[in-house]
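Here are my notes on the model you sent over. Have it open while you read.

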Amino acid sequence: MSFRLFIYYCALCGGGGAFLGWMLGRPINLSSSILTQGLKGMFLGLCVAWALALVDSLGTFSLRRLLAIGLRVATAVVVGTLGGLLGGLVSQALYGWKEYDVFLVLGWTITGFLIGVSLGVFDLLASLLRRQDPGAALRKIFKGVLGGTLGGIVGGVLSLLLLSGWTRLLRRLGGDLQVEERLWSPSAWGFVALGACIGLLIGLAQVILKEAWLKVEAGFRTGREIILAKPEITIGRAEKCDIGLFGDPQIEKLHARICLEDNRYVLVDEGAGTYVNDDLIYGSRILCSGDAIRMGKSVLRFGERQKQTHD
């Protein structure tokens, strides 16, 4: 998908995941308010992390890589669930001590922080297990943390504003404020706003702060844009490739790789024939922003953020 659609789906699925989490947590009403809010927060973190991890995985991989998608989503769900649980417990414990709204915002900020972490944990673990440079995975985690934290703050404040506005409306209409506990609107819309803000700002952070990326200009899934968030990206017709270019017999199962070496992206041809700007390359070649990579009927445009040079 394009980066614009990626951001849109992050916001949409973040809000949808939060609504699902609200529905799952709504029946919980234990004698301990701290545990109740912790479990409700747990369902929020679980569902939002699940939705955002799915968007993140499908933005890069095809549905043929179900195992890779499943592992990524499962890892994110574990971290997001812990984030929601921790955020709910902390916020309610502090709010029970002093009824300051800032404590509620703090709880959702913790949740957003760990949801942001969750999207890069799988890449970090994979890099460490393969003994690769974890820098790309750490940068992805940093961007997720930045977006998730800001999303938790903005979404938490917006959630409180929605609840406050609903309360004032009930008072003006002379309604029974106890009815508020049974209505869907205040808490449901607050959760949706929170999840949408977390998703939106995580998506924005990933796209705005990207270092390098590819855009498919011709071939399988034309218009797709992929952020290079790993030290090595494989390209080919095999289902295990990071960038699958299916349906083209001229493309080999493993056609080429893009590797991050000494802070430069290098295209490595696997002997199948790869062109960069219409030049057939042998072995490897350092990529520059704007280079067109052609293999078979597919054309990938490489983009890179301009690096600062130091004298």
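1. First, the terms: helices (H or I, at least four residues) and strands (E, at least two) are DSSP runs, numbered from the N terminus. This is a predicted model, where local features need pLDDT of at least 70, side-chain atom pairs count only at pLDDT 80 or more, and totals for chains, interfaces and linings use all residues. Residues are numbered from 1 along each chain as its sequence is written, and side-chain values use heavy atoms, with hydrogens and water left out.

2. Helix 5 is the top contributor to a nonpolar patch, giving the most at 9 residues. Leu 146, part of helix 5, is partly exposed at 34% relative accessible area (buried is under 20%, exposed over 50%, partly exposed in between; 1.4 Å probe, protein chains only).

3. Now strand 7, residues 274–276, where you'll find Thr 274. Thr 274 counts as buried because its relative accessibility is 0%. Its side chain makes a 2.6 Å polar contact with that of Asp 269 (N or O atoms within 3.5 Å; within protein, one must be able to donate a hydrogen and the other to accept it, and residues adjacent in sequence count only if both atoms are side-chain atoms).

4. How many disulfides does the structure hold? There are 0, taking a disulfide as two cysteine sulfur atoms within 2.5 Å. For Cys 13, the closest cysteine sulfur is in Cys 10 at 7.6 Å, so that is too far for a bond. Cys 13 is partly exposed at 25% relative accessible area, while Cys 47 is buried at 2%.
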